[in-house]
Amino acid sequence: MTNNKLKQAIEDFIAHESLSGTSLIMTVFGDSVYHRGGVISLASLIQLMEVFGLNERSVRTAVFRLVQNGWLVSEKIGRTSYYRITETSRQRFVMADQKIYSFTQREWDQKWDLVLLSSVELDNKVILKRELEWLGFAHIATNVMAYPGCDHLKLQNLLLNLSMTDQVVLFKAETLALWQESYPTVKRMVSINWPIAALQQRYEKFIQDFRGFFSDVEYEQEIDPVQAFQIRILLINQYRRILLKDPNLPTELLPLNWPALTARNLSSNIYQSVYAAADEFFLEHAKTIDGRMPPVHPQFYKRFGGLKQDVLVT
């Protein structure tokens with residue numbers, strides 16, 4: 001049954017936010033398609049995106065851009081077009097899935113990982129810089145990027161995949177507390193080189209926006225599937241855009257009352273409330289080359305620490 005108050009809140013949010021059709025479609029692929037084989041028909045996408053105010057032309061333009069950028073590949077069978085996640089972009093979807101739904105905060109050993117870029121060829125330097133930023137690194141000096149306690153396996157795999165092991169020098173460093181003001185100086189350095197203030201503002205806006213949605217769905221016995229799907233995709237779309245900019249720095253280096261944990265808890269609670277009803281709407285419209293969507297991968301149910309399975313999602 002449609003909740004008119006929630007309907008109005010969703011419509012207002014869509015009307016006032018600068019929502020990118022390309023970003024929303026990426027969210028649908030990552031949130032709903034990825035764990036069901038990674039392929040969906042264009043006709044299905046057009047139907048699904050209509051609830052966000054996107055017309056057929058907008059959807060076609062967005063998927064064309066995603067194909068051009070290597071995220072998706074198209075396949076036509078008869079008169080129907082299908083889009084699937086490419087092999088090259090699959091690892092990015094895996095990493096994004098882990099970052100969004102599987103929060104981990106490793107204990108910091110007070111050491112810094114430094115990457116020296118002075119020996120990297122110019123064209124490669126642009127690529128490597130972008131990939132290191134994805135892992136949370138930031139420039140702290142010319143040709144030096146740093147991160148406090150990075151995942152060495154991820155860094156190793158990155159350099160091996162880019163074939164840059166012969167161009168990069170890695171260092172391990174630590175801060176010397178030679179005077180009383182050392183630690184505040186380090187925190188100030190972090191706030192200058194990483195987007196701490198901007199991230200805090202984005203987290204606080206996200207919390208303000210979605211607390212209202214949570215109050216509307218928390219005690220709903222039967223959430224309308226269309227509204228559940230809208231909230232689920234809007235939630236993950238906005239949350240993803242913040243997380244992919246968040247370097248997940250150690251707590252010691254962040255301001256007091258850092259809002260990331262509050263945002264995550266809110267996202268988890270909303271997702272738990274709407275995911276099953278949202279899948280009802282998704283599965284009603286989503287089709288693959290072989291007809292209905294395949295069963296969801298078991299890994300899906302590990303999202304946000306474990307989804308309740310009161311309703312079986314096939």
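1. In this note, Lys and Arg count as positive and Asp and Glu as negative, while His and the chain ends are not counted. On that basis the protein chain, which is a predicted model, carries 34 positive and 34 negative side chains, and the centres of these two sets are 4 Å apart.

2. As for the overall fold, the protein chain contains 11 helices and 9 strands. Its radius of gyration is 21 Å, close to the 20 Å that the globule rule gives for 314 residues, so the chain is as compact as a globular protein of that length. Along the principal axes, the C-alpha atoms fill a box of roughly 65 × 45 × 35 Å.

3. Turning to burial and surface, 47% of the 314 residues count as buried, and the protein chain exposes about 16,900 Å², of which carbon and sulfur atoms supply 52%. Among contacts with a separation of 6 or more, 80% are between residues 24 or more positions apart.

4. Is Arg303 buried or exposed? Arg303 counts as buried because its relative accessibility is 1%, and the cut-off for buried is under 20%.

5. Which residues does Arg303 touch, not counting those up to four places away in sequence? They are Gly30, Asp31, His35, Asp97, Tyr101, Arg232 and Tyr271. With Tyr271, the side chain of Arg303 forms a side-chain to side-chain polar contact of 2.7 Å, and a polar atom of the Arg303 side chain also lies 3.3 Å from the backbone oxygen of Gly30.

Terms used: Residues are numbered from 1 along each chain as its sequence is written. This is a predicted model: local features need pLDDT of at least 70, side-chain atom pairs count only at pLDDT 80 or more; totals for chains, interfaces and linings use all residues. Side-chain values use heavy atoms; hydrogens and water are left out. Helices (H or I, at least four residues) and strands (E, at least two) are DSSP runs, numbered from the N terminus. The radius of gyration is taken over C-alpha atoms; the globule rule is 2.2 Å times the number of residues to the power 0.38. Buried means under 20% relative accessible area, exposed over 50%, partly exposed in between (1.4 Å probe, protein chains only). Contact means heavy atoms within 4.5 Å. Accessible areas come from the Shrake-Rupley method with a 1.4 Å probe; for residues, only the protein chains shown count as cover. The place of a charge is taken as NZ of Lys, CZ of Arg, CG of Asp or CD of Glu. A polar contact is a pair of N or O atoms within 3.5 Å; within protein, one must be able to donate a hydrogen and the other to accept it, and residues adjacent in sequence count only if both atoms are side-chain atoms.
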